[in-house]
Amino acid sequence: MTSIGILGTGRMGLRLARLFARSGSEVVIGSRTPERARAIAARLGAGAVRGGSYADAADADAVLPALFLRDGLLDQLEPLRARLAGKPYVDISNPFNADYSDFILPWDTSGAEEIQKRFPEARVVGAFKNVWWEVFDAPHFDAGLESDVYVVSDDAEAKRSVLALTHGMPFRFVDAGRLANARVVERMTLFSGELGQRAGFFPRMNWRLLGEPWTPGAKDDLAPLAAR
Ligand SMILES: NC(=O)c1ccc[n+]([C@@H]2O[C@H](COP(=O)([O-])OP(=O)(O)OC[C@H]3O[C@@H](n4cnc5c(N)ncnc54)[C@H](OP(=O)(O)O)[C@@H]3O)[C@@H](O)[C@H]2O)c1
């Protein structure tokens, strides 16, 4: 069994701990207050979740820090640098500012790229960035429809090993290409947040790419997404 260490016991940390435990991973959830993490692990139960410190969580086979960049994610990982080396780092960060109205990073970078730059020894795979916390509690939409999780990385092997951990999760995992595509995925989250609030969906909305296979000449000359 592969273990995954989740750092942070907030909205995402809790839900991802539960999700990974249910899909068969051994989970270590870490907190700045290890007692809190141990109490949460006991509540999540099933024996597959253990609580401890950030260092305990970072000792797992793969790590998933569930902290905000604005709260000092990069500096908080600094003492754990050696523990991150050579293993998949599941990056869920969106670089929101304090009031969620914008990002603290410019358009020509992303949280994922900044993390990879700061920790080149980690094998960063962006995932779950586009899933708002509430969706994890009831992941299916309409008639059982699964929504997308866009997965980005420059490390094909790390991407494969993260995808292997997601088996059985109630989402459609989409290989969304290189790490720099996190610029798009992160901003899709900012955008869905704004649209969701306007539509009265917030925070229960997500993306799903709609499309059908198309072979030139097989149907007509229309481009695949045009005039349907
Ligand atoms: N919320 C969403 O819908 C959503 C969706 C996709 C991605 N994300 C990303 O997931 C990450 C976590 O988001 P979240 O919504 O779970 O955040 P959150 O509820 O605020 O939880 C963040 C956790 O970070 C830890 N932490 C460490 N230093 C902190 C500090 N200075 N101030 C506050 N908390 C601190 C805390 O855990 P301990 O006290 O246990 O250490 C806290 O519970 C962010 O990078 C966010 O962009 C969030």
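## Ligand shell

The residues of the shell around the ligand comprise 10 that are nonpolar, 10 that are polar and five that are charged. In this predicted model, the ligand is surrounded by 25 residues, and G8, T9, G10, M12 and S31 are the closest of them. Helix 1, which covers residues 11-22, supplies the largest share of that shell, namely three residues.

## Overall fold

The protein's secondary structure consists of eight helices and eight strands, and its C-alpha atoms fill a box of roughly 60 × 35 × 35 Å when the box is taken along the principal axes. The radius of gyration is 18 Å, which agrees with the value near 17 Å that a compact globule of 228 residues would have.

Of the 228 residues, 37% count as buried. Among the contacts in the protein with a separation of 6 or more, 68% are accounted for by residues 24 or more positions apart.

## Helix 8

Helix 8 is formed by residues 182-199, and its 18 residues reach 25 Å from the first C-alpha to the last, close to the 26 Å expected at 1.5 Å a residue. Just after helix 8 comes G200, which takes a positive phi of about 80 degrees.

Which residues are buried in helix 8? They are A182, R183, V185, E186, T189 and S192. The cover over the buried residues of helix 8 includes helix 6 (111-118), together with strand 6 (123-126) and strand 7 (148-153).

How values were computed
Residues numbered from 1 in each chain as written. Predicted model: local features only at pLDDT ≥ 70, side-chain atom pairs only at ≥ 80, totals over all residues. Helix = DSSP H or I, 4+ residues; strand = E, 2+ residues; numbered from the N terminus. Rg over C-alpha atoms; globule rule 2.2 N^0.38 Å. Buried ≥ 20, exposed ≤ 12 C-beta atoms within 10 Å, placed from the backbone. Contact = placed C-beta atoms within 7 Å. Near = placed C-beta within 6 Å. Nonpolar A, V, L, I, M, F, W, Y, C, P; charged D, E, K, R; others polar. Expected span 1.5 Å × (residues − 1).
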